Each structure stands twice: as structure tokens, then as C-alpha cells.
Amino acid sequence: MPLTPQLAEKIRRMPKAELHLHIEGTLEPELIFALAERNGVALPYPSVEALRRAYAFHDLQSFLDIYYAGASVLLTEEDFYDMTRAYIAHAVADHVRHAEIFFDPQTHTARGVPLEIVMAGMERALAEAEIKLGFSSRLILCFLRHLPEEDALATLDAALPYFRSLPHRLIGVGLDSSELGHPPAKFARVFERCRALGLRIVAHAGEEGPPEYIHEALDILRVERIDHGVRAIEDEALLDRLARERIALTVCPLSNTRLKVFDDMADHTLGALLDRGLAVTINSDDPAYFGGYVNANYLAAFESLDLTAQDAYTLARNSFEASFIDDRAKRALIGELDRFWQAS
Ligand code: HPA
Ligand code: ZN
């Protein structure tokens with residue numbers, strides 16, 4: 001069934017949560033150039049258009065190389081504030097009520113930018129948005145998996161003061177960057193420490209990596225959600241387990257096609273995973289690099305796959321259910337979603 005204009009409008013306007021969003025992946029080329037100029041950083045691209053043209057990826061690594069280069073313009077608290085504010089504006093426009101936002105401290109501390117600057121800039125924007133816009137948010141610190149576990153342990157130590165002073169915002173840890181060759185088991189010790197600290201746990205797994213990495217994320221890291229996880233479709237027993245245990249997948253359709261996890265959106269397995277009873281959610285991953293924010297991801301999936309209004313409701317409901325907010329806040333947001341669908 002083709003996507004009708006009416007359903008497209010419902011999808012755009014329905015309240016939703018975003019659970020898989022890298023704040024460094026929201027840096028639009030225009031902001032990269034503006035920050036480069038403000039900070040006197042030289043960029044290897046002559047113009048915004050030339051930089052945007054470089055966003056032609058053939059796999060995860062070809063994206064990550066450009067994504068880390070883009071993040072090199074972030075130096076001051078103001079830079080992190082401006083980046084976070086720009087994302088919030090896009091999210092609010094897409095009717096995102098709650099976001100759980102990833103950030104990569106090692107990308108910044110390795111360049112000599114103190115964690116204090118990263119945290120202060122993001123927190124100022126998020127606290128302001130909470131008060132002025134009612135925009136709810138949490139932060140999830142991601143360890144870079146291409147680096148040794150010792151670096152992740154040191155990063156956790158450096159972040160302990162923020163887990164203590166911002167418990168309402170900084171709630172958990174994740175695992176991102178180059179997946180192949182860096183299985184979850186490499187980070188068993190650091191995640192064990194995070195669990196002992198009572199932190200919420202997620203990890204990227206099964207984006208490019210095999211289903212075995214999803215098993216490791218569940219069994220060794222003890223994740224509560226799987227980021228991407230689309231390669232679970234290759235493993236029947238794993239699908240049964242994910243459905244039974246209600247482990248949510250934070251799927252990112254435009255990311256998956258831009259990074260050639262699927263050649264074409266019509267090949268995406270999101271619909272099959274939903275039909276199999278999995279708690280699938282739709283998210284934007286790195287919207288500045290992959291062609292759109294969360295609504296663009298919903299609409300791209302609905303345009304190419306056989307999905308219904310009931311699926312749209314389920315996806316948004318899953319996004320609230322799988323979030324790390326308390327039950328009362330969850331019920332309130334799901335109530336808002338239910339009233340939205342009943343009103344039409
Ligand atoms: N996968 C792994 N690492 C990442 C991603 C992703 O989709 N986006 C930003 N870092
Ligand atoms: Zn991601």
C-alpha cells in the first residue's frame with residue numbers, strides 16, 4: 001500500500017522518542033564551516049557544498065573517517081552548546097518529546113578538549129530545552145570500540161564525577177565506532193564496572209557485525225537495548241530471544257542504506273522484524289550525514305516498505321516503552337500518543 005499524504009502527516013506530527021542519535025552526527029556542513037572559522041581550524045574542503053559532496057559512503061568506516069574529521073571543529077563549550085541546540089530544534093520540529101543522546105568523549109579528549117567542556121556545553125542546551133520547550137532528554141556516554149579497553153576504562157574514570165553530579169541526565173553507556181573486528185567481548189571488564197555502578201547499558205551490535213556480536217552484547221555486556229541489530233534477522237533463535245525478552249532494537253533506516261547495510265530501502269528488514277514481534281524503533285543515528293532527522297527516517301521506511309498506520313503507532317509506542325525514563329513519565333507520553341491517534 002503506498003504511503004498516503006494523510007498517514008505521512010500523522011507520522012510527522014505524532015509524539016515520539018529518539019533513542020539512537022549521535023550528537024556529533026548532527027553537525028551540519030554549514031555549522032562545521034561556521035565553527036571552523038570561529039575557531040581558526042583549517043578544513044580539507046573548500047566549501048560547504050564540497051564537504052556535502054564527500055558524504056558518499058560505501059561502508060561504516062568510510063563514514064566514520066569523515067565523521068571524526070567533522071568533529072574536529074568542536075573546541076569550546078559554546079561549540080557543544082550550539083551543536084546541541086541545533087539538534088534540539090530539529091527534534092522539536094519532528095515532534096520528538098524525549099531523546100536519549102549518544103556522545104563520544106574520546107573523540108574530544110584525544111584532541112585535548114576536556115570532558116568538562118563537552119559536558120557543560122551539552123548540559124546547558126539540554127537544561128534550557130527542558131525548561132523552555134518541555135523537551136526531555138538523557139545522555140549516554142559511548143566508548144569507541146576501535147580503541148583498547150584500557151582507554152574505555154580511563155574514560156569511565158574521568159566521567160565518574162558527571163555520573164554523580166548529573167544523575168538525571170547522564171544515565172548510561174554505549175559502544176560505537178568500527179564494529180567488525182571489535183566484538184563486544186573486548187569490553188567485558190569496562191561494562192562490568194558500569195553495571196556495578198548501576199548505569200543503563202546499550203551497545204551497537206549487528207549493524208555490520210554478525211549475529212554473534214548481538215549474542216555477546218546480551219550475554220557479556222548485558223545490554224538493555226541493541227543499537228541497530230538488523231543482522232539479527234539471520235538468526236532464528238536470536239529473534240525468538242529478542243522478542244521474548246522485549247529487547248528493543250534502535251533501527252536507523254537512512255543510516256543503513258547510506259552505509260550499504262542494505263542496498264535499497266525496499267530491502268530493509270525493519271518490517272520483517274516488526275512482524276516477528278520485536279520491539280523495533282526508528283531513529284536517525286547521524287542525521288547530518290545520512291539525509292535526514294527522525295521524521296525523514298520514518299517516511300523513507302514507510303515509502304518503501306509495506307507498513308501501516310498501526311505500525312506507525314507501534315513504532316512510536318515502542319520508542320517510549322524502550323526509553324530509560326521512569327514509568328510515570330512513560331505513561332504520560334504514551335497517553336499523549338494514544339490521544340493523538342484517537343483524535344483523528
Ligand atoms: N555505528 C557505529 N558507530 C557510529 C555510528 C554507527 O552507526 N554512528 C556514529 N558512530
Ligand atoms: Zn549509531
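Helices (H or I, at least four residues) and strands (E, at least two) are DSSP runs, numbered from the N terminus. With that in mind, welcome to this predicted model, in which local features need pLDDT of at least 70, side-chain atom pairs count only at pLDDT 80 or more, and totals for chains, interfaces and linings use all residues. Residues are numbered from 1 along each chain as its sequence is written, chains are lettered from A and ligands numbered from 1 in the order in which they are written, and side-chain values use heavy atoms, leaving out hydrogens and water.

**The chain as a whole**

Let us start with the overall picture. The protein chain has 17 helices and eight strands. Its C-alpha atoms fill a box of roughly 50 × 40 × 40 Å along the principal axes. The radius of gyration is 19 Å, which agrees with the value near 20 Å that a compact globule of 344 residues would have. This radius is taken over C-alpha atoms, and the globule rule is 2.2 Å times the number of residues to the power 0.38.

Of the 344 residues, 60% are buried. Here buried means under 20% relative accessible area, exposed means over 50%, and partly exposed lies in between (1.4 Å probe, protein chains only). The chain exposes about 13300 Å², and carbon and sulfur atoms supply 53% of that area.

**Two helices side by side**

Two packed helices are described by the angle between their axes and the distance between the axes. Helix α10 (residues 211-221) and helix α11 (residues 236-244) have axes that come within 10 Å and cross at roughly 35°. Axes are lines fitted to C-alpha atoms, for helices over the stretch in contact, and angles run from 0 to 180 degrees between N-to-C directions. From α10, the residues making the contact are Pro 211, Ile 214, His 215, Leu 218 and Asp 219, while α11 contributes Leu 238, Arg 241 and Leu 242. By class, that gives five nonpolar, one polar and two charged residues. In this scheme Ala, Val, Leu, Ile, Met, Phe, Trp, Tyr, Cys and Pro count as nonpolar, Asp, Glu, Lys and Arg as charged, and the others, Gly among them, as polar.

**Two buried residues**

Asn 297 sits in helix α15 (residues 294-304) and is buried, with a relative accessible area of 0%. Beyond four places in sequence, Asn 297 touches Cys 252, Pro 253, Leu 254, Ser 255, Ile 282, Asn 283, Ser 284 and Gly 292. Leu 170, in strand β4, is also buried, at 2%.

| Pair | Apart in sequence | C-alpha to C-alpha |
|---|---|---|
| Asn 297 and Asn 283 | 14 residues | 6.7 Å |
| Leu 170 and Arg 200 | 30 residues | 9.6 Å |

**Two positive phi values**

Most residues other than glycine have a negative phi. Ser 177 has a positive phi near 85°. Ser 177 is found in the loop between β4 (170-176) and α9 (188-196), and counts as buried at 7% relative accessibility. Lys 260 also has a positive phi, near 65°. Its place is in the loop between α12 (253-258) and α13 (270-275), and at 45% relative accessibility Lys 260 counts as partly exposed.

Definitions and conventions
Contact = heavy atoms within 4.5 Å. Areas by Shrake-Rupley, 256 points an atom, 1.4 Å probe, with all protein chains shown as cover.
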